[in-house]
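Reader: Could you walk me through this structure, one feature at a time? I would like to learn how to read it for myself.

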Amino acid sequence: MLSWLLLLCSAGVIAAQSQPYGFGQPATAADTAQKDLTVFPNGKGLPSGKGTADQGATIYKEKCAECHNEKGEGRPGQYPALVGGIGSLTSAKPLKTVGSFWPHATTVWDYIRRAMPFDHPRSLSADEAYAVTAFVLHLNGLVERTQELNEKTLPAVKMPNRDGFVPDRRPDIKSKR
Amino acid sequence: MTEELTPPRRRFLALGASLAGAVVACRKAPAPSESGAHMRGYGERSPHEKSVRVVRELTKSLGTGSSRTPLGELHGIITPSALHFERHHSGVPALDPAAHRLLVDGLVERPLTFSLDDLKRFPSASRVCFIECGGNSIGEPGANLPDVQKSHGLLSCSEWTGVPLSIVLKEAGLKPEATWMIAEGADAGRMSRSIPVSKALDDAFLAYAQNGEALRPEQGYPLRLLLPGWEGNTNVKWLHRLQLVDQPAMSAKETANYTDLMPDGKAQQFTFVMEARSVITRPSGGQKLAGPGFHEITGLAWSGYGKIARVEVSTDAGQTWADAELQAPVLSKAAVRFRYPWRWDGKETVIACRCTDETGYLQPTRDEFIAVRGLNSGYHYNGIKPWRVNADGTVTHA
């Protein structure tokens, strides 16, 4: 009798779990559009738009230089450098910047659009984000002043540290007792 | 039903009004009394208790930076919510829970949005687990930080309650090609991390409560991702989107930050698990022993791989080690309190602890860590932390 009861109960639990709960609302295209910021290394997620380093220089001076300094050298201890450090990653004082460390140009665009300027994030238009990205990459010697970056050309920019990452290989420390 | 209750409710309100009047009267003419202060709806600690987080704000954006838990002044394994460490990359947003929606979209059969009320209708689960910032102890291998709040204070442990993520993903219907999930917060910078779907389906959950009440704003109110054992940054706060995809986004926080630069110039990436670690919290740097005699050595151990199996303590600068007692229950991916009875002879010495987890992982020494990862990796430092007990009873980094 008891086992029969238990069987009934567990059957009830299984039935309750195997069907959808029906909670939540179907997401609309507008729900996705409202939050759709993710950009992937292959360019998926980039909106159409365009900008050059020359155009970006003006925006950078007005909206970025206060923190990142005139030429992207940053302000030590507060705001990171965007430029320099190429070849420093094996030294005693590695300088990790967009130029020396970031593996994908799309990440630069994604981060500028979602999180910059720091006190007014997501205030840049797509064209402004392409232009500022072009300027930051130009400071690193990676694009020409008048080279247009857009949703097609940005993912094609080869970053110096593109191959600088390896998968998690931990536990990598073999301790002795 | 409502009508039946109305008259008593009115009487109750009237009683309340007369009591309020009595309170006012008492305040006007305080009579000597030993009955103490008024009761209060939401409690506060004694004014004699002063433990606080050490706050370090980094930039011109308000509330951006970190604050560290005063581990040396706490007991047990649960961190009081008000003292849980913080690390914010774009401040603490003020979110209206009634307006907040979690979007689950991308490679799912049924893209859905959930309100908080929707999520709370699902079967719930509670779990005690630690959260440790991937950058806890950044600089420690080279810098010898002076106290445990500065050296280890980006670790806290809470009981979290929410809905298992596997249930929510099943509701949306994962497509077979969904291998990654982009978790994004509603903070000003919309911080996002790419999470393997395998973790999402394993033990991840969506937490709306911490230590029995709603999440604190600085812990992600009203909703955060909880990935037991994984670095703090992946436990995305103010969660408003889970985008199912077939590749990682390579976001800034999983490339520029939270990657481990190795001596050969390559950086280990997606180093999610916080490896096993322990530290003595009493006696620890900045504290002072009252004098020779009995002192309990106590501290915390934790592992992102599972349960802590063993903690050993040395009181003679690592020459000999003895097992510490582990306070039950020992929970997987949670902090464990250990204790070791000690009679101090009043002479200068070095004390330390080291742990082993259930997978057999051994906490490395500082030198063993540096031998493999060098001094530039920054994140995920978990070396043994020795403390020097000086003859005058003061405790400093060894």
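**Reading the features**

Author: Let's begin with one pair of residues: Val279(B) has Leu300(B) as its bridge partner in S17(B). Before going on, note that this is a predicted model, in which local features need pLDDT of at least 70, side-chain atom pairs count only at pLDDT 80 or more, and totals for chains, interfaces and linings use all residues. Residues are numbered from 1 along each chain as its sequence is written, while chains are lettered from A and ligands numbered from 1 in the order in which they are written.

Reader: Which strands pair with S17(B), and in what sense?

Author: First the terms: helices (H or I, at least four residues) and strands (E, at least two) are DSSP runs, numbered from the N terminus. Two strands pair if DSSP finds at least two bridges between them. Here, S16(B) is joined to S17(B) by 5 bridges, and the two run antiparallel. S17(B) also pairs with strand S21 (residues 336–344) of chain B, again antiparallel, over 9 bridges. In S21(B), Pro341(B) is the residue opposite Glu296(B).

Reader: Is S17(B) largely enclosed or open?

Author: We count neighbours: a residue is buried if 20 or more other C-beta atoms lie within 10 Å of its own, exposed if 12 or fewer, and partly exposed in between, with C-beta atoms placed from the backbone. Of the 10 residues of S17(B), 7 are buried, so the strand is largely enclosed by the rest of the structure.

Reader: What should I look for in the backbone angles?

Author: Most residues other than glycine have a negative phi, and most peptide bonds are trans. Tyr258(B), in the loop between S13 and S14 of chain B, has a positive phi near 60°. Tyr258(B) counts as buried because it has 25 C-beta neighbours inside 10 Å. His380(B) also has a positive phi, near 65°, and sits in the loop between H7 and strand S23 (387–389) of chain B. With 28 C-beta neighbours inside 10 Å, His380(B) counts as buried.

Reader: Where are the cis peptide bonds that you can show me?

Author: One runs from Met116(A) to Pro117(A), with omega near -10°. Pro117(A) belongs to the loop between helix H5 (105–115) and H6 of chain A. Another cis bond joins Arg282(B) and Pro283(B), where omega is about -5°. Pro283(B) is placed in the loop between strand S16 (277–282) and strand S17 (293–302) of chain B.

Reader: How many helices and strands does chain A have?

Author: Chain A has 6 helices and 4 strands, in the order α-β-α-β-α-α-α-α-β-β along the sequence. Of its 177 residues, 36% are buried.

Reader: At what angle do H3 and H6 of chain A pack?

Author: Two packed helices are described by the angle between their axes and the distance between the axes. The axes are lines fitted to C-alpha atoms, for helices over the stretch in contact, and angles run from 0 to 180 degrees between N-to-C directions. Helix H3 (residues 53–63) and helix H6 (residues 126–139) of chain A pack at about 95°, with their axes 7 Å apart. That makes H3(A) roughly perpendicular to H6(A); angles under 35 degrees count as roughly parallel, over 145 as roughly antiparallel, 65 to 115 as roughly perpendicular and the rest as oblique. The residues making the contact include Ile59(A) and Tyr60(A) of H3(A) and Val132(A) and Phe135(A) of H6(A). Residues are in contact if their C-beta atoms, placed from the backbone, lie within 7 Å.

Reader: How is chain B divided into domains?

Author: Domain bounds come from an automatic or database domain assignment. For chain B they give domain 1 (54–268) and domain 2 (277–397). The C-alpha centres of these two domains of chain B lie 27 Å apart. In chain B, 30 residues of domain 1 are in contact with 33 residues of domain 2.

Reader: And how many residues do the two chains bring to their contact?

Author: 54 residues of chain B are in contact with 45 residues of chain A.
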